[in-house]
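The following exercises concern a predicted model. Please study the sequence and the structure before working through each solution.

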Amino acid sequence: MAAVPTLDASRFGYLKPGDVARLSEAYRFSNAAHAGQRRQSGEPYISHPLAVAEILADWRLDGQALQAALLHDVMEDTSVTKDEISDTFGRPVADLVDGVSKLDRIEFQSAEFAQAENFRKMLLAMARDVRVILIKLADRLHNMRTLEAVPPAKRRRVARETIEIYAPIANRLGLNALFHELQELAFAHIYPLRYRVLAKATRNARGNRRELVGKIEAAVKGKLAEARIEAAVSGREKHIYSIYRKMIEKHLSFSEVHDIYGLRVVVKDVATCYLAIGALHGLYKPVPGKFKDYIAIPKANGYQSIHTALIGPFGVPLEVQVRTESMHHLAEAGVASHWMYKDEATSLNELQKKTHQWLQSLLEIQSHSGDSQEFLEHVKVDLFPDEVYVFTPKGRILSLPRGATAVDFAYAVHTDIGNRCVAAKVNGELVPLRTELRNGDRVEAITTGYAKPNPAWLQYVRTARARSNIRHFLKTMQYEESAALGERLLEQALKGYGVTPAEINQASWERVTRETIGVTKVQLLADIGLGKQLPAVVARRLMMRAEGEARPHAKPASVVIRGTEGMAMQLASCCRPIPGDAIVGSIKKGLGLVVHTAECRHVARSRRAEPEQWIDVEWDRQPTRMFQCAIKVTVANQRGVLAKVASAIAEAGSNIDSISMEEDRSVYTTMLFVLEVGNRAHLARVLRSIRRLSEVHKLLRVRD
Ligand code: MN
């Protein structure tokens, strides 16, 4: 059995003594937490976090990051909590460990290219602190280096994830050496046979070319020396995965790709780069169209070099990169190069400055041996401040604007989902629709067939898509429903004249629409439904003859309330009428039809003041929907009594829409329920069911 490896302080010699002591402490803590655990290879588990810390030490990361590296798996794999880490090692280290653990918990499933890009962004956005990503990358590198011990199926999955997600992140951060190592390791595990064949072919080809390569290098060195240019010239080995990719993408044979000889020239400053290019173009003929100046225009990850292609002796193609030493460091180690080569004076252009801004400030603060709080602020970086990345239930990743809520999510999935959503689940828990989404959330919109967009959503949606869909829906709905109600209101008013709307001739309609709003019949009906036109007035106009005023000869019949009027009809929230109650309706401008109970105290006053607005209404014999009604229950203050009342309500076939409680410390508590019932008989059943409970002291329907 392998012995437990120990912390080799010499690997961390660049740290201050205090940091090394804290590192030993983290090592002991982690070793104790992982005690008894083994890796798949049979080694003690601590060998893994230790190796991760050593990789990060090679990148010269700070003490906090190294402590976090030693502790990075304790939250996931042992019972240690974030608070315990915080108590022992401080908040910054605990945040780093927590950050890495969060990344471990989200899993990438999709094979789509665009999804991989979103997933990478999600990881970067979740990390916030770039050190979290660096720890995660070192973790992945060590896992890839030891992937042999893992069962084949899992091996392939991890390798694929590495090549699709982590290698591109390394590339994006400019960690070139890491990028290539991750790619080579992943390729070897995804296509073991192809890797072996190509690796062997590369070894053989290298042997065959040794002599020619030596000649070319000597010629290049000679030419540069002649021009008095001080330069380090080296041959460049091609990576096996890059050869493979080129063969596949450009349909080339192995020798066509491999026989291009790569050469790197590193000089002291930018001016010398151009002098060196001039000298080389004088030595061998350049290939037209292959000259690229990434010094003037760096790549997005900050990479700088001049690339050119030459035709060498015997027609051998030569690819040459010319760069300064600091560009070379950046190309190899990316963001970490600042840690690794921090004593050197680096001159960064604008783009590089932007890419590595956070790192520079970090270095400044580090060198001032400074305040850890300030240090933490600077190391934090929000790579995508305007976006948030979330999963759909199928594992697809959606990018939404920061601050987006579950409603935005629902509309982003599909307009129909948005229009019919009633609630949402975030990471498996039921949440209100206004809930703001966070990076990495797994979101599911819950829909029902009868749900409709709510005007209140407009207050908290962030996407234009959700906003315009909600507006559009509300407008069309309200217009259609108002026109339908308007027609019924008019029909009722016309009954007094003994006619139906169908019996009104075209000429009368045209005359009235011209006089009133001058547009269409449907608009006039919608205006009636919205309360902008009184049905009695419109009816009188329609019935007007040349001879003069028409008078109704009978009392108009009641308008039947079916409960399907939608937004054109409101049940007054003061008295909450339900079928079976005696009701009256008022038509108010902008509100449309509002139905109150006949005994509601708001009714009597207004009916005297504005009799024109009031119309007779009655319930349809069998309305098909449920209606809200409020009840007040006073109960003995005992544990579990709310649950008893709620289940009594459910047993009677009613739903609870909301509950509020009066803050009362005495023996009784009064609870206010808003329920859904079909009619008065149903309400009576609900009340009987509640009254059966011995804890219930008082029970009544709220009518005001
Ligand atoms: Mn790990």
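**Exercise 1.** Determine which strand supplies the largest share of the lining of the second largest pocket.

*Solution.* Step 1: a pocket is an open set of points on a 1 Å grid over the protein atoms alone, where a 1.4 Å probe fits, with protein on both sides within 12 Å along at least five of seven lines; lining residues have an atom within 4 Å of a point. Step 2: the lining of the second largest pocket comprises 39 residues, and Tyr 450, Arg 625, Gln 628, Asp 657 and Glu 676 lie nearest its centre. Step 3: at least two lining residues come from each of several elements, including β9 (421–426), β17 (627–636) and β18 (655–661). Step 4: β18 gives the largest share, four residues. Strands are DSSP runs (E, at least two residues), numbered from the N terminus.

Residues are numbered from 1 along each chain as its sequence is written. As the model is predicted, local features need pLDDT of at least 70 and side-chain atom pairs count only at pLDDT 80 or more, while totals for chains, interfaces and linings use all residues; side-chain values use heavy atoms, leaving out hydrogens and water.

**Exercise 2.** State the strand order of the open sheet of five strands and identify its edge strands.

*Solution.* Step 1: two strands pair if DSSP finds at least two bridges between them. Step 2: the order is β12-β16-β14-β15-β13, with mixed pairing. Step 3: β12 (559–561) and β13 (569–571) pair on one side only and are the edge strands. Step 4: β13 pairs with β15 (residues 592–597) in the parallel sense over three bridges, and Gln 570 has Val 594 as its bridge partner in β15.
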